[in-house]
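Please read them with the structure open.

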Amino acid sequence: MNLVNLWIYLHDSAIGTLVRESSPVYATVETMHAIGMGVLVGTITVVNLRLLGLLKRIPVFMLVNLLPLIWAGFLINACSGSLMFVADAVKISQNRIFLTKMGLIFSGFLVALALRRLVFSNMAKWSRGGAIPRSAKILSCSSLCIWYGAIVAGRLTAYFQ
Ligand code: HEM
């Protein structure tokens, strides 16, 4: 089965048809996508701004408590986004803005992994008040650009069919 056949299969599946043809179901899925995005990008914003040296009243070692929220937001987004994708798989899979958004999400994921290695695997240092390395600041700045870029690309997807 090549990819186009897979997209046709998903589009015509019971779940694809349900999400596409039922306005309440589509609206619910889209609302979940907005909630997931709020939790994901909202939390990422707090973590990255702190690593950039703002929000100084939050101790850096406390940021680790926020990481599960990032995963929760991402999970909600991935599930709701996949349902919206399946509903219109043939068209969306060809949409360059959507593919750009997926590329941004993948890059955001890689930057998050790098930050985890650089900052979050070394909690003892932060509890002693160590200085945030320049590389962590560059990664944080890139992370903010990437995730806000993903929001813009997500919003524009509908306008470039
Ligand atoms: C993780 C996997 C994700 C998938 C598979 C996915 C998929 C989708 C799909 C299929 C749409 C509908 C596009 C359309 O028909 O116009 C959409 C909308 C959107 N997505 Fe995602 N998405 C994901 C994650 C994200 C993330 C992480 C963000 C933000 C950082 C995001 C932001 C948006 C926005 C802003 C919209 C437009 C919503 C609206 O107009 O109501 N998505 N997404």
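Predicted model: local features only at pLDDT ≥ 70, side-chain atom pairs only at ≥ 80, totals over all residues.

1. On the overall fold, the protein chain has eight helices and zero strands. Read from the N terminus, its elements run α-α-α-α-α-α-α-α. The C-alpha trace spans about 55 × 30 × 30 Å along its principal axes. Of the 161 residues in the protein chain, 26% are buried. As for contacts between residues at least 6 apart in sequence, 83% of them join residues at least 24 apart.

2. On the α3 side the contact is made by M37, V41, I44, T45, N48 and L51, and on the α8 side by A136, K137, S140, S143, L144, W147 and I151. The contact of α3 with α8 comprises eight nonpolar, four polar and one charged residues.

3. α8 also packs on α6. The axes of α6 and α8 come within 8 Å and cross at roughly 155°, and the two helices are therefore roughly antiparallel to each other. The crossing of α6 and α8 is left-handed. By class, 17 nonpolar, nine polar and one charged residues make up the contact of α6 with α8.

4. Is V119 buried or exposed? V119 is buried, because 24 other C-beta atoms lie within 10 Å and the cut-off for buried is 20 or more. Leaving aside neighbours within four places in sequence, V119 is in contact with L51 and A136. L51 and A136 are also among the residues that make the contact of α3 with α8. V119 and A136 are 17 residues apart along the chain, and their C-alpha atoms are separated by 7.2 Å.

5. The packing of α2 on α4 has another geometry to look at. Helix α2 (residues 14-21) and α4 pack at an angle of about 90°, with axes 7 Å apart. The two are therefore roughly perpendicular to each other. In α2, the residues I15, G16, V19 and R20 meet L83, M84, V86 and A87 in α4. The residues of this contact divide into six nonpolar, one polar and one charged.

6. A78 and I97 are 19 residues apart in sequence, and C-alpha to C-alpha they are 17 Å apart in space.

7. Two residues in the loop between α3 and α4 deserve a look, L55 and P59. What is the phi of L55? It is near 50°, a positive value in a residue other than glycine. As background, most residues other than glycine have a negative phi. L55 has 14 C-beta neighbours inside 10 Å and so counts as partly exposed.

8. P59, in the loop between α3 and α4, has 11 C-beta neighbours inside 10 Å and therefore counts as exposed. The C-alpha atoms of P59 and S127 are separated by 7.8 Å, although the two residues are 68 apart along the chain.

Technical notes: Residues numbered from 1 in each chain as written. Axes fitted to C-alpha atoms, helices over the stretch in contact; angles between N-to-C directions. Helix = DSSP H or I, 4+ residues; strand = E, 2+ residues; numbered from the N terminus. Parallel < 35°, antiparallel > 145°, perpendicular 65-115°, else oblique. Contact = placed C-beta atoms within 7 Å. Nonpolar A, V, L, I, M, F, W, Y, C, P; charged D, E, K, R; others polar. Buried ≥ 20, exposed ≤ 12 C-beta atoms within 10 Å, placed from the backbone. Left-handed = near helix turned anticlockwise from the far one by under 90°.
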